[in-house]
Amino acid sequence: MLDDDALIMRRVQAGDLERFAVLIRRYQRPLFRAALERLGERTWAEDVVQEAFLAAFAGRTTYDPSFSFRTWLWTILINLCKKQWKRRASRPAQQSWSELIAREGDAAPEPHSDATGLSCLLKTEQIERVRGLLAELPEEQADALRLRFFGELTFPEIAAALGCSLNTAKSRVRYGLEKIGRALRTEEG
Amino acid sequence: MNHELNRELNCEQVFQHLTSVHPAPLNGELDRHLAGCSSCREMADLFQPAVALLESGRCDEVSGDAPRPWEQVWEAVSVAQRAADQLRDHSAPSRRRVSSRTAALVRSAALILAGVLVGAALGRVGAFGRSPDLARSDRDQWTNPLMENAADCRCEGLVTFLRDAVAHGTCPTCEQPIASRKQPALTLCMACHRESIGTRPDPASSHESLSWPRGNKNDSAKERGPFSFADPKQLPGAREQASAS
């Protein structure tokens, strides 16, 4: 039996292209969260997420609805993040004006209408803390944690997205959580 | 009584529960297991603050760290798709021209090759340098279903007909266009050739009877041409075989 995502993709494959917007709306935030954690820059993460949706849309005819769309999409994002990271690492640091402007915006995010400035700052601090802790992990463990807690993927889906066995996927999550847990214990003293 | 409420968890289930974003509600099963399992207790102590921190780092409205509106992403996807369609449509005519020319050449070459291959296969059983007896025995081993009904038709004339049909795209006898790409000549020329040797004609066929190169089946052998389809001894190479043996 096909899940909702697969049914939507079937309709997209049949020509109802507008239905793809439902999937964008559904997955954009968790993908962005993971990409931001992975890449560290907002505009870069937004671009990568957009590229992931573009790739999924362009490859819609090759998608098999009997497989999990969610896993497929997350696999695309993980691979794009890796590729982008390697590409930027091999090039000298360059920034466009729009990136500089966006960077300034990142430092002080606009609060939500119901949120106070303090809660926003606390939230930002928490996010930065998570980002820092994940950055200290080996890449595969950090990706596994992002897929588990941001993507809410099951362990079989994580294994499929990362191209590893089920036991390896569980081990990566386990060891990643152990390291973050020990780091938090050390911080608390 | 609900047995689920009093079930015993194993360590794997505890691990799954502790690493779930939306763990299923338990009724004391977790506490009971942790009370009796020191390794899971240690795991829970390490995992719980880490999981709490990771879950707090999930994107929400309060953080202000929201991505660009999803409508913008969809717009970008749509624009990219439209651009790809435009590029494809723009380049399609020249590609079609080239590909149709190439396809025509490939088709002709394939048809000629098919004809040669069929001719060679047929030649092994009679017309090209082998004895009629041997040809007849080979004939019995023929497995092509289209040729089964034409066991008596294997001869030079048929081979030539097939070659003509393959080369020109029409049956040289009835001049009907070849309908099937896979077995083009066989389908049509079987019908023509069966009629020519006096076997039961295809009632659906409306073509003229065969003559070589053109004519009536009641024509004399001389008028029919250099050889008769029904007489294997008249085949090219048959006389040489007979004199050699």
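## A left-handed crossing in chain B

H1(B) and H2(B) cross in the left-handed sense. A crossing is left-handed if the near helix is turned anticlockwise from the far one by less than a right angle, and right-handed if clockwise. The contact uses B:Cys11, B:Val14, B:His17 and B:Leu18 of H1(B). From H2(B) come B:Leu30, B:His33 and B:Leu34. Contact means heavy atoms within 4.5 Å. By class, the contact residues are five nonpolar, two polar and no charged. Ala, Val, Leu, Ile, Met, Phe, Trp, Tyr, Cys and Pro count as nonpolar; Asp, Glu, Lys and Arg count as charged; the others, Gly among them, count as polar.

H1 spans residues 11-18 of chain B and H2 spans residues 29-36 of chain B. Their axes come within 11 Å and cross at roughly 125 degrees. The two helices are therefore oblique to each other. Angles under 35 degrees count as roughly parallel, over 145 as roughly antiparallel, 65 to 115 as roughly perpendicular, and the rest as oblique. Axes are lines fitted to C-alpha atoms, for helices over the stretch in contact, and angles run from 0 to 180 degrees between N-to-C directions. Helices are DSSP runs (H or I, at least four residues), numbered from the N terminus.

## Basis of the model

This is a predicted model: local features need pLDDT of at least 70, side-chain atom pairs count only at pLDDT 80 or more, and totals for chains, interfaces and linings use all residues. Residues are numbered from 1 along each chain as its sequence is written, chains are lettered from A and ligands numbered from 1 in the order written, and side-chain values use heavy atoms, with hydrogens and water left out.

B:His33 sits in helix H2 of chain B. Its relative accessibility is 12%, so B:His33 counts as buried. Buried means under 20% relative accessible area, exposed over 50%, and partly exposed in between (1.4 Å probe, protein chains only). Leaving aside residues up to four places away in sequence, B:His33 touches B:Leu9, B:Asn10, B:Cys11, B:Val14 and B:Cys40.

B:Cys11 lies in helix H1 of chain B. At 38% relative accessibility, B:Cys11 is partly exposed. With the exclusion of residues up to four places away in sequence, B:Cys11 touches B:His33, B:Cys37 and B:Cys40. B:Cys11 and B:Ser39 are 28 residues apart in sequence, and 8.8 Å apart from C-alpha to C-alpha.

## Aromatic pairs

Over all chains, the structure holds eleven aromatic pairs. Rings of Phe, Tyr and Trp (its six-membered ring) pair if their centres lie within 6.5 Å; planes under 30 degrees apart count as stacked, over 60 as edge-to-face and the rest as tilted. A:Phe20 and A:Phe57 have ring centres 5.0 Å apart and planes at 65 degrees, so this pair is edge-to-face. The pair joins distant parts of the chain, 37 residues apart: A:Phe20 in helix H2 (residues 20-39) of chain A and A:Phe57 in helix H3 (residues 42-58) of chain A. A:Phe20 is buried at 0% relative accessibility. A:Phe57 is buried at 2%.

A:Phe57 also pairs with B:Trp74, with centres 5.8 Å apart and planes at 80 degrees, so that pair is edge-to-face. This pair crosses between chains, from helix H3 of chain A to helix H4 (residues 70-127) of chain B. Both A:Phe57 and B:Trp74 are buried. Ring pairs link A:Phe20, A:Phe53, A:Phe57 and B:Trp74 into a cluster.
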